[in-house]
Amino acid sequence: MEKSCPCGETMSMKLRTVIYSGKVEIDNVPVYSCDACSRSEVFPEVKPDLTGLIGQLGAKPEQQTFLFNEWNEWADLIMELYTRQKRPSRQEMDKLIGERINKLLDLLLLAQRLGDDEWIAEVEKRLSQISRRTMST
Ligand SMILES: [Zn+2]
C-alpha cells in the first residue's frame, strides 16, 4: 500500500481526517502521504465520493463530523485491512477486495430475494464503489 512520491521517497497510505470549510470533519479518509516532503494525495478511488460528500454540504456547512468509511466502501475496506495488518501489501488488499465483492454479491442476492429495494440500492452502490479501480501499479 505504498507508491513512489515525485520527490523520490515512498508515500504510504494512512487514514486521515479531512477538514472542510474549517467546520466539517471527515474522518477515515484514505490518503497517501510522504514523510520526506509532506506531500499528500487522496486515494484516487475515493475522490468521487469525497467530492460528492463535500458537494452535498454546500458552501456554508454546519459544524459536523462524518465517518467517511460509512460513505465509501473503499475507506471501509482499507480500515478493515489495517485492522488485520500493520503494513498490508497490495496482494492482501486484492484478497480482501475479492472477499468483500463476494460478500456484497451474497447480500445483493438476499436483498433481491426479500424484494427490499432500499437495501438493493445500497448494496449496488457499495459494489459500484469498490469495482471502480484505476490503480496503475
Ligand atoms: Zn515526497
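This is a predicted model: local features need pLDDT of at least 70, side-chain atom pairs count only at pLDDT 80 or more; totals for chains, interfaces and linings use all residues.

Biologist: Why is Asp-49 called buried?

Modeller: Buried means under 20% relative accessible area. Asp-49 has 19% relative accessibility, so it counts as buried.

Biologist: What is Asp-49 in contact with, leaving aside its neighbours within four places in sequence?

Modeller: Those contacts are Phe-68, Asn-72, Gln-129 and Arg-132. With the side chain of Asn-72, the side chain of Asp-49 makes a polar contact at 2.6 Å.

Biologist: What makes that a polar contact?

Modeller: The limit for a pair of N or O atoms is 3.5 Å. The pair between Asp-49 and Asn-72 is at 2.6 Å, within that limit.

Biologist: Where is Asn-72, and is it buried or exposed?

Modeller: Asn-72 is in the loop between β5 and α2. Its relative accessible area is 1%, and the limit for buried is under 20%, so Asn-72 is buried. Beyond four places in sequence, Asn-72 is in contact with Val-46, Asp-49, Gln-129 and Arg-132.

Biologist: What makes Asn-72 a cap of α2?

Modeller: A side-chain oxygen of Asn-72 lies 2.8 Å from the backbone nitrogen of Trp-74, and the end capped is the N-terminal end of α2. A polar contact needs N or O atoms within 3.5 Å, so the 2.8 Å pair qualifies on distance.

Biologist: How do you know that the span of α2 is close to what is expected?

Modeller: Helix α2 has twelve residues, and at 1.5 Å a residue 16 Å is expected. From its first C-alpha to its last, α2 reaches 17 Å, which is close to that.

Biologist: Which residues of α2 are buried, and what do they pack against?

Modeller: The buried residues are Glu-73, Trp-74, Ala-75, Leu-77, Ile-78 and Leu-81. They pack against β2 (10-20), β3 (24-34), α3 and α4.

Biologist: Which residues of α4 are buried, and which helices do they pack against?

Modeller: In α4 the buried residues are Ile-120, Val-123, Arg-126, Leu-127, Gln-129 and Ile-130. They pack against α1 (47-57), α2 (73-84) and α3 (90-114). Gln-129 has also come up as a contact of Asp-49 and of Asn-72.

Biologist: Why is Gln-64 called partly exposed?

Modeller: Partly exposed lies between the 20% limit for buried and the 50% limit for exposed. Gln-64 is at 28% relative accessibility, so it falls in that range. Gln-64 is found in strand β5, residues 64-67.

Biologist: What does Gln-64 touch, and where is Val-24 relative to Gln-64?

Modeller: Not counting residues up to four places away in sequence, Gln-64 touches Lys-23, Val-24, Glu-25 and Leu-57. Gln-64 and Val-24 are 40 residues apart in sequence, and their C-alpha atoms are 5.0 Å apart in space. The side chain of Gln-64 also reaches the backbone oxygen of Glu-62, at 3.2 Å.

Biologist: Why is Ser-38 called exposed?

Modeller: Exposed requires over 50% relative accessible area. Ser-38 has 61%, so it is exposed. Ser-38 lies in the loop between β3 and β4 (40-42), and it has a positive phi of about 65° although it is not a glycine.

Biologist: What is the phi of Asn-28, and where is Asn-28 found?

Modeller: Asn-28 has a positive phi of about 65°, and it is not a glycine either. Asn-28 is found in strand β3.

Biologist: How many helices and strands are there, and in which pattern?

Modeller: The protein has four helices and five strands, and along the sequence they follow the pattern β-β-β-β-α-β-α-α-α.

Biologist: What percentage of the protein counts as buried?

Modeller: Of its 137 residues, 34% count as buried. The C-alpha atoms fill a box of roughly 50 × 40 × 25 Å along the principal axes.

Conventions
Residues are numbered from 1 along each chain as its sequence is written. Side-chain values use heavy atoms; hydrogens and water are left out. Buried means under 20% relative accessible area, exposed over 50%, partly exposed in between (1.4 Å probe, protein chains only). Helices (H or I, at least four residues) and strands (E, at least two) are DSSP runs, numbered from the N terminus. Contact means heavy atoms within 4.5 Å. A polar contact is a pair of N or O atoms within 3.5 Å; within protein, one must be able to donate a hydrogen and the other to accept it, and residues adjacent in sequence count only if both atoms are side-chain atoms. The expected span of a helix is 1.5 Å times one less than its number of residues.
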